[in-house]
Amino acid sequence: MTPAPDHPRGLDLERLRDRLDADLPGLVSGPLSGRLIEGGRSNLTYAVTDGSGHWVVRRPPLGHVLATAHDMRREHRVIAALHGTAVPVPEPLLLCEDDSVLGAPFYVMEYVDGVPYRTADQLAGIGPERTRRAVLGLVDTLVDLHAVDPEAVGLGDFGRPDGFLERQLRRWGKQLAASRGRELAGIEELQDALGRTLPRSPAPTVVHGDFRLDNVLIGGPDDTIRAVLDWEMSTLGDPLTDLGLLVMYSSDLGLTDSPVSTTSRAPGHPAPAELIERYAVRSGRDTGAIAWYTAFAWFKLAVILEGIHYRYTLGQTVGAGFDRIGELVPVFIEHGLTTLEELQKG
């Protein structure tokens, strides 16, 4: 049976209502309806309403789930810690680790009104000046995140910064092995090359792990960033991994039609070099090794996309656009290898 549009798969609204009534009495005043918010390829995000109030529910994907990759407690914890700092995040309302409610742990947070820009066509609608302002604001928000003192907000034990980059390479290598059903030319070569050229990390910070334009909500007359979303990969570690990922997403994939963010082609979108310079000036950090971090970002995304493709082949994805994810993986591998070659030439 196909779920009704207002009762999407993975979201039992009656059980959710019961839990909200028990833990947050008075919050909900009528029957709930919900919809899947498209765009995310990993954890599932739903908009829920009783007709007057609006909330957001986050839960892990259905089916094949890698250990620690979809930890709702960690995601809820970092949002709760950052709420009230200079980093804009939704207010967390409830964490539920009882699998009997939705079949997996989940949390509920406030609904923030804003736009996640995912394509160049979307940005073309607001024009070059607003596009430039939004993307530069993204860099400034990243600087604000990396300026947060983890100890001061209760995140001093949120990760193990020592050996962070080496562990990240091992982790994504394990993710690849666990979510792979085909040969991928060049992926081991890229992983090995990254391991041979590890840079020295700066002082650790809270890192987002997936920082990009379509993981923030932009709104208001000044196109400000109203909320940073999707904290599932956050930890304490090397802040330049966030910058490398942002640089990767600001690079041209060379594809005219891609299910992955294509905002870099929008008129007014700043070039990667300008984003790097702005971050360096505002943060005071040395960005001389950014090519390594960018190559690592290409590798990491190749692994993530392969995991999504693997779940798609098992029929365990929810939403549209998954049928084309698999063809992107070799593109990301090639970009990673090319970036490392440029680093070695430099």
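Arg212 touches Leu138, Leu246 and Tyr249, leaving aside residues up to four places away in sequence; contact here means heavy atoms within 4.5 Å. The model is predicted, so local features need pLDDT of at least 70 and side-chain atom pairs count only at pLDDT 80 or more, while totals for chains, interfaces and linings use all residues. Residues are numbered from 1 along each chain as its sequence is written, and side-chain values use heavy atoms, with hydrogens and water left out.

Arg212 is found in the loop between β6 (205-207) and β7 (216-219). Helices (H or I, at least four residues) and strands (E, at least two) are DSSP runs, numbered from the N terminus. At 14% relative accessibility, Arg212 counts as buried. Buried means under 20% relative accessible area, exposed over 50%, and partly exposed in between (1.4 Å probe, protein chains only). The side chains of Arg212 and Asp210 are joined by a polar contact of 3.0 Å. A polar contact is a pair of N or O atoms within 3.5 Å; within protein, one must be able to donate a hydrogen and the other to accept it, and residues adjacent in sequence count only if both atoms are side-chain atoms.

Glu129 belongs to helix α5 (residues 128-147) and is exposed, with a relative accessible area of 61%.

| Pair | Distance |
|---|---|
| Arg212 and Asp210, side chains | 3.0 Å |
| Asp12 side-chain oxygen and Glu14 backbone nitrogen | 3.2 Å |
| Glu129 and Gly268, C-alpha atoms | 6.1 Å |

In helix α1 (residues 13-23), Leu13, Leu16 and Leu20 are buried. They cover an arc of only 60 degrees around the axis, which puts them on the same side of α1; the arc is that of the directions from the helix axis to the C-beta atoms. Glu14, Asp18 and Ala22 are exposed on the other side of α1. Asp12 caps the N-terminal end of this helix. The cover over the buried residues of α1 includes β1 (33-36), β2 (44-49) and α3 (99-102).

A nonpolar core is a set of buried Ala, Val, Leu, Ile, Met, Phe, Trp, Tyr and Cys residues joined through side-chain atoms within 4.5 Å. The largest has 81 residues, of which Leu194, Trp231, Phe299 and Phe332 touch the most other members. Helix α10 (residues 290-313) gives the most to this core, with 14 residues. A second, separate core of 19 residues includes Leu13, Leu36, Leu44 and Leu94.
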